[in-house]
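Trainee: I would like to learn how to read a model like this one. Can we go through it feature by feature?

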Amino acid sequence: MIRFPKNKKIIIITHHNADIDAITSSTALLFGFGQKDIRARIGVANSVAKQARSILDYANIRVDINPDLENYDVIFVLDVAVPEQLYPMKIPENKEVIVIDHHENTKIRGTEELISPRRKATCELVLKVLKDNNVKITRKIANLLLAGIISDTNHFKFADKVTFKLAAELLNYKADLSFVFDLIHNPPEFSERLAKLKGVRDLDIYRVKNYLIVFSEVGEFEAAIARGIIALGADIGIVFTEKERELRVSARANSRIVKTENLNLGQEIFSKINQIVSGSGGGHDAAGSLNTPDKDKKDEIKKFILERLEEKLGELKRI
Ligand SMILES: [Mn+2]
């Protein structure tokens, strides 16, 4: 059992580009300390992710970027899978290190540890630490912990029955589910929204069986637009972007066509485009990409993709 340290200089540290689980688990622990009149700081490597900044506003907490860990006696390490994620911070020797984490490969050894790779979020483990130390789970702490859980489980998609039990417990502590969903909602920037809408203005659509294969050409955000086309109902979205020196192609397929047709965009199509253009192509089953300096080969590339898809799926009809 991890006990709160007394009369020590404490810092809670978490990974670079700190995400929602990292920030909510750290701030919830800090509030727990606060209830027991224990002072502490939060240190983050390099930066806080954009989607987690609203959490800091809600918690009304400031974090230190890359603080000097020599100034502290006890270092709580939260949500850090590998030590490289703390760079340029380095945990000095001879400090009391307490690790709380749900990652598989936590290479950081603590003098005390609560590491459980089966748990889905560091927040799930922080709830236990807070209760073990008789912290009253206020609505604010409950909201923070629930936000971390919802975020790291991708809105409960990776949750298990323990997660649901803990989420229900947090609701009993008066966590507000719709407030938490709003808190972690992260709408894309204006420029991305506009590019996405423009990207579906002029589509080239093909059909084979009940599959829809859709081409688009945009100025930027090609990967987001390929995903957006899938969200609108396409089975494969292929987006061309012409940059100053290169042509980029980004493709996405939904899981239905990948599974049913045993399709692999990376292996079967994008890693083979090198047969007709220079540059590099590749990907995996549900995603393919190509970067090529051969900007004049757009039509050939599209023809190549269509031919490979026809070999795989049958004759494509333009609609
Ligand atoms: Mn996490």
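Mentor: Start with two helices. This is a predicted model.

Trainee: Which residues of H4 and H6 meet?

Mentor: First the general idea. An α-helix has 3.6 residues a turn, so residues three or four places apart point the same way. Now the case here. H4 contributes Asn143, Leu146, Ala147, Ile150 and Ser151. H6 answers with Phe179, Val180, Leu183 and Ile184. By class, seven residues of this contact are nonpolar, two are polar and none is charged.

Trainee: Next, the strands. Which way does E1 run relative to E4, parallel or antiparallel?

Mentor: Parallel, with five bridges joining E1 (residues 10-14) to E4. Isoleucine 11 has isoleucine 75 of E4 as its bridge partner.

Trainee: How many bridges link E4 and E5?

Mentor: Five, again in the parallel sense. E5 spans residues 96-101. Within this pairing, valine 77 stands opposite valine 99.

Trainee: And why is E4 called largely enclosed?

Mentor: Count C-beta neighbours: a residue is buried if 20 or more others lie within 10 Å. In E4 (residues 74-78), four of the five residues are buried, so the rest of the structure largely encloses this strand.

Trainee: Where does proline 5 sit?

Mentor: In the segment before E1. Proline 5 has 17 C-beta neighbours inside 10 Å, so it counts as partly exposed. Leaving aside residues up to four places away in sequence, proline 5 touches Ile10 and Val74.

Trainee: How many residues of H3 are buried?

Mentor: Eight of the 11, so H3 (residues 122-132) is also largely enclosed by the rest of the structure. Among the buried ones are Thr122, Glu124, Leu127 and Leu130.

Trainee: What covers the buried residues of H3?

Mentor: The cover includes the helices H1 (20-35), H4 and H5 (161-172). It also includes the strands E4, E5 and E6 (112-115).

Note on methods: Residues are numbered from 1 along each chain as its sequence is written. This is a predicted model: local features need pLDDT of at least 70, side-chain atom pairs count only at pLDDT 80 or more; totals for chains, interfaces and linings use all residues. A residue is buried if 20 or more other C-beta atoms lie within 10 Å of its own, exposed if 12 or fewer, and partly exposed in between; C-beta atoms are placed from the backbone. Two strands pair if DSSP finds at least two bridges between them. Two residues are in contact if their C-beta atoms, placed from the backbone, lie within 7 Å. Ala, Val, Leu, Ile, Met, Phe, Trp, Tyr, Cys and Pro count as nonpolar, Asp, Glu, Lys and Arg as charged, and the others, Gly among them, as polar.
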